[in-house]
Amino acid sequence: MASFRDELMVAYDELLTAVDSAGEDVQSGVEEASRRLDELIGDLEEGAGEMGDETRERVDELLADVDRLVDEAGEETSRHLESVRERLRAATAEETEE
């Protein structure tokens with residue numbers, strides 16, 4: 001089973017792919033989500049690597065942004081963003097179960 005951090009790293013990689021395929025209409029939003037996820041991963045690496053209340057809130061905010069972007073993006077970018085959404089959900093679900 002992948003760790004919380006591992007799931008976030010895969011989601012980040014998928015976001016980078018989404019940036020490459022994003023149209024101008026959603027590219028800045030995808031780049032912003034990517035930047036925020038990168039910061040979250042960095043913070044986890046500096047800390048204990050576990051999901052606390054603040055981390056959960058940050059992931060939930062990212063999920064809301066990704067949901068919005070999925071609705072606005074073209075087909076290819078939406079596929080990448082849907083993968084990101086599933087990874088973020090999986091990461092939070094696994095952390096909640098532990």
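Author: Let us begin with a term: a crossing is left-handed if the near helix is turned anticlockwise from the far one by less than a right angle, and right-handed if clockwise. Please note also that this is a predicted model.

Reader: What is the handedness of the crossing of helix 1 and helix 2?

Author: Two packed helices are described by the angle between their axes and the distance between the axes. For helix 1 and helix 2, the axes lie 9 Å apart and the angle is about 155°. Angles over 145 degrees count as roughly antiparallel, and helix 1 and helix 2 are therefore roughly antiparallel to each other. Their crossing is left-handed.

Reader: How many nonpolar residues does the contact of helix 1 with helix 2 have?

Author: Helix 1 contributes residues including Phe4, Leu8, Tyr12 and Leu15, while helix 2 contributes, among them, Val30, Leu37, Ile41 and Leu44. By class, the contact of helix 1 with helix 2 has 4 charged residues, 2 polar ones and, as the nonpolar count, 15.

Reader: How is helix 2 oriented relative to helix 3: roughly parallel or roughly antiparallel?

Author: Helix 2 (residues 24–46) and helix 3 (residues 53–72) pack with their axes 10 Å apart, at an angle of about 160°. Because angles over 145 degrees fall in that class, helix 2 is, relative to helix 3, roughly antiparallel.

Reader: How many charged residues are in the contact of helix 2 with helix 3?

Author: Helix 2 passes helix 3 in a left-handed crossing. The residues that meet include Asp25, Arg36, Glu39 and Asp43 in helix 2, and Arg58, Glu61, Asp65 and Glu72 in helix 3. The contact of helix 2 with helix 3 divides into 9 nonpolar residues, 2 polar residues and, for the charged class, 8.

Reader: Is Leu81 buried or exposed?

Author: Leu81 has its place in helix 4. Leaving aside neighbours within four places in sequence, Leu81 is in contact with Leu15, Ala18, Val30, Val66, Leu69, Val70 and Ala73. Buried means under 20% relative accessible area; at 0% relative accessibility, Leu81 counts as buried.

Reader: Which residue's backbone oxygen does the side chain of Thr92 reach?

Author: Thr92 lies in helix 4 (residues 75–97). With a relative accessible area of 6%, Thr92 is buried. At 3.0 Å, its side chain reaches the backbone oxygen of Arg89.

Reader: What distance separates the C-alpha atoms of Gly23 and Ala73?

Author: Gly23 is placed in the loop between helix 1 and helix 2, and its relative accessible area of 31% makes Gly23 partly exposed. Gly23 and Ala73 are 50 residues apart along the chain, yet the separation of their C-alpha atoms is 7.3 Å.

Reader: How far apart in space are Asp13 and Ser34, C-alpha to C-alpha?

Author: Asp13 is found in helix 1 (residues 4–21) and is partly exposed, with a relative accessible area of 45%. In sequence, Asp13 and Ser34 are 21 residues apart; in space, C-alpha to C-alpha, they are apart by 8.8 Å.

Reader: What percentage of the residues of the protein chain count as buried?

Author: A residue is buried when its relative accessible area is under 20%. Of the 98 residues of the protein chain, the part that counts as buried is 41%.

Technical notes: Residues numbered from 1 in each chain as written. Predicted model: local features only at pLDDT ≥ 70, side-chain atom pairs only at ≥ 80, totals over all residues. Heavy atoms only, no water. Helix = DSSP H or I, 4+ residues; strand = E, 2+ residues; numbered from the N terminus. Buried < 20%, exposed > 50% of the residue type's maximum accessible area, 1.4 Å probe, protein only. Polar contact = N/O pair within 3.5 Å; in protein donor to acceptor, adjacent residues only side chain to side chain. Axes fitted to C-alpha atoms, helices over the stretch in contact; angles between N-to-C directions. Parallel < 35°, antiparallel > 145°, perpendicular 65-115°, else oblique. Contact = heavy atoms within 4.5 Å. Nonpolar A, V, L, I, M, F, W, Y, C, P; charged D, E, K, R; others polar.
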